[in-house]
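Here are some notes for a colleague who is opening this structure for the first time. Please read them with the sequence and the model side by side.

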Number of protein chains: 2
Amino acid sequence: MTDYASSVRTLYWEDGGLMLLDQRQLPHQVEYVRCVAVEQVVAAIETMVVRGAPAIGIAAAYGIVLAVGSAFEKHGSRWPQHVDPQIDALEKSRPTAVNLRWAIDAMRKHFPAPAGDPRPTLLDVAERLHREDVAANRAIGEHGAIYLEANAQVLTHCNAGALATAGYGTALGVVRSAWRLGNIQRVYATETRPWLQGARLTTWELQQDGIPVTLIADSAAAQLMHGGGINCVITGADRIAANGDVANKIGTYTLALCARAHGVRFMVAAPLSTIDQTAPNGAAIPIEQRPAEELLSYQGHKTAPLGVPAYNPVFDVTPAALIDTLVTEVGALDGPDFASIAGLFKT
Amino acid sequence: MTDYASSVRTLYWEDGGLMLLDQRQLPHQVEYVRCVAVEQVVAAIETMVVRGAPAIGIAAAYGIVLAVGSAFEKHGSRWPQHVDPQIDALEKSRPTAVNLRWAIDAMRKHFPAPAGDPRPTLLDVAERLHREDVAANRAIGEHGAIYLEANAQVLTHCNAGALATAGYGTALGVVRSAWRLGNIQRVYATETRPWLQGARLTTWELQQDGIPVTLIADSAAAQLMHGGGINCVITGADRIAANGDVANKIGTYTLALCARAHGVRFMVAAPLSTIDQTAPNGAAIPIEQRPAEELLSYQGHKTAPLGVPAYNPVFDVTPAALIDTLVTEVGALDGPDFASIAGLFKT
């Protein structure tokens, strides 16, 4: 039994299939999408049934169980010759989050000998990765919560919660741990245009756990900081370069600039699986562009006039120099840089 | 015949009534609301049928014509004893834009002797204020366009265009003048949550005039600046304090911080009627809070879960120190401050 560590169950394996909480339907409906083929997992990641860098990493791990299982059923011991295209498709399903590649590498390391049924071994590995992500988030929560004093008001962006991970959350893991210590007065959630992860997911997730949350427009954050209303900004990450530059949801860079201008601590909370030591800096991280339509309409209602183009990068890069604290499962770094980040992997 | 100076006719007087382009319906429908009583003008300002500091100033001027006309019809020469409550309601219909008070003061100065029909005189004054606002915008455009070189890419926030003024626009007046000089490559419009003035109004207005415009999420501005895509940020203003602090649409302060961090010129374009010399600094400017519902739903679709509160300040204050250039109809100031702003009124 996996410890989901919050009221929210984002994804789980059941009876030979991967169950994904459909995040497109939240907060209005709590529905699960069942994936019994790897192609369904790829589609679920592409269409954001499941989103959040750690969560899509774990979903991909289960996707490999499905891909290998299908290849084994069709091709027996020749299954290793038939899984690469599906694994490639998994890796390419979203370009920015490095956790996809991390999960795939972790699964490949444990590919069993081709002779027997590979499924039990690989399912064990995927479930271990799943449990380890929850445990990492709990550790992140503990390391990060130390930075929050009584009556802390925290601003978070997008959703880096249980819904973005295997459970508990990264940024919201820090919030959960601090809440248990009695130190959270209120969380401010940016609505996070265009996909409204903050308005739809973060508010819902915190509401499930009874943590006070107030929604603001993305562009109201600086005014709130100016008024002294925020003690700490905490976000997750989709990929962290070797030098500490952080790719995360569009708008994170803006919040980091605003936090620095107001002397507010800017904290990034992410597991080691989010750190890409092959990317020397943020410029090496691919930034996903999503369809203009995400900006041009809402729930079938056009917002802008026909014929107007939109530019819709869904991630940006925050330079390491703007990150006051990077919290991982092995500890927190103040002023992360190349050397201190490399050191995290030696502990 | 008023020179509207753009393809867009925001408001006009016709057959004893004020016609207001219903900005709630744009860009989907071009419909006018006809106001024949001052109460209708108050309601139209409150509900944002008409919005934009200069536009609501001119609407209020016509509203006074209606208020005085009605009082004269009912009370004859005793009309001056019966108009104050309506004029107060006009002044209180939106708290941040000072142009309301400015227009009311300008009209009061010309209140005719109580004996005769006051309407012809006051309509003349309102129409003069209307023409003067258009002329001011044209002058703002000329003074501001000098700062834009060939192939300029401009970022603007909210709508400070013909739709926000009596015609031509302030920020978009600068864009229109620079476009005529052949110096605009593209305008980036922030969508401007929660009311989507950028997505709904600025894109539509620029499209009418054939000026290339691309929509972005509010939170994508910093990434665009970082990539070198923006030469100048231009916004309007709802109220400018004596020291140069600027109250404008929520998010303006954020954009000013981002522009400064990237060495991008931050320009505010506004007529003198927007400068409130009685407000020593931004802290003296009232900031309107609008209903949480503007953030919690869109076109009848709930976005956030039931029971989640929202904080919805619709203006913020940008300190004068972040404003590189203030453009008014009497000229542009680089690094505006108390002394240089006071000097504008002596020219």
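Is the crossing of H1(B) and H3(B) left-handed or right-handed? The points below take up that question and then move on to other parts of the structure, which is a predicted model.

1. The crossing of H1(B) and H3(B) is left-handed. Helix H1 of chain B covers residues 38–46 and helix H3 of chain B covers residues 84–91, and their axes come within 9 Å of each other and cross at roughly 15 degrees. Because angles under 35 degrees count as roughly parallel, H1(B) is described as roughly parallel to H3(B). On the side of H1(B) the contact is made by B:Val38, B:Glu39, B:Val41, B:Val42 and B:Ile45, while H3(B) contributes B:Gln86, B:Ala89 and B:Leu90. Sorted by class, this contact has 6 nonpolar residues, 1 polar residue and 1 charged residue.

2. H3(B) also packs with helix H2 of chain B, residues 53–75, at an angle of about 160 degrees and with the two axes 10 Å apart. Since angles over 145 degrees count as roughly antiparallel, H2(B) and H3(B) are roughly antiparallel to each other, and H2(B) passes H3(B) in a right-handed crossing. Here B:Ala60, B:Gly63, B:Ile64 and B:Ala67 of H2(B) meet B:Gln86, B:Ile87 and B:Leu90 of H3(B). By class, the contact of H2(B) with H3(B) has 5 nonpolar and 2 polar residues, with no charged residues. Readers may wish to look at B:Gln86 and B:Leu90 in particular, as these residues of H3(B) take part in the contact with H1(B) and also in the contact with H2(B).

3. Turning to the two chains together, 50 residues of chain B are in contact with 50 residues of chain A. The area buried between chain B and chain A is about 4,000 Å², and carbon and sulfur atoms give 64% of it. Of the area that chain B buries against chain A, B:Ser219, B:Gln223 and B:Tyr311 supply 15%, which is more than any other three residues.

4. How many salt bridges does the rule find across the interface of chain B and chain A? There are 2 salt bridges across this interface, and the side chains of B:Arg193 and A:Glu191 meet in a salt bridge with an N to O distance of 2.5 Å. B:Pro194 has its place in the loop between strand E5 (184–190) and helix H7 (197–208) of chain B.

5. Over all chains, a search of the whole structure finds 30 salt bridges. In chain A, the side chains of A:Arg260 and A:Asp324 meet in a salt bridge at 3.3 Å, N to O. This pair links distant parts of the chain, 64 residues apart, with A:Arg260 in helix H9 (residues 252–262) of chain A and A:Asp324 in the loop between strand E15 (315–318) and strand E16 (325–328) of chain A.

6. Two backbone details of chain A can be checked by eye. A cis peptide bond, with omega about 0 degrees, joins A:Leu26 and A:Pro27, and A:Pro27 is found in the loop between strand E2 (17–21) and strand E3 (32–35) of chain A. A:Asp15 has a positive phi of about 50 degrees although it is not a glycine, and A:Asp15 lies in the loop between strand E1 (11–14) and E2 of chain A.

Key. Residues numbered from 1 in each chain as written. Chains lettered and ligands numbered in written order. Predicted model: local features only at pLDDT ≥ 70, side-chain atom pairs only at ≥ 80, totals over all residues. Heavy atoms only, no water. Axes fitted to C-alpha atoms, helices over the stretch in contact; angles between N-to-C directions. Helix = DSSP H or I, 4+ residues; strand = E, 2+ residues; numbered from the N terminus. Parallel < 35°, antiparallel > 145°, perpendicular 65-115°, else oblique. Left-handed = near helix turned anticlockwise from the far one by under 90°. Contact = heavy atoms within 4.5 Å. Nonpolar A, V, L, I, M, F, W, Y, C, P; charged D, E, K, R; others polar. Buried area = accessible area lost by both parts, 1.4 Å probe. Salt bridge = Lys/Arg side-chain N within 4 Å of Asp/Glu carboxyl O.
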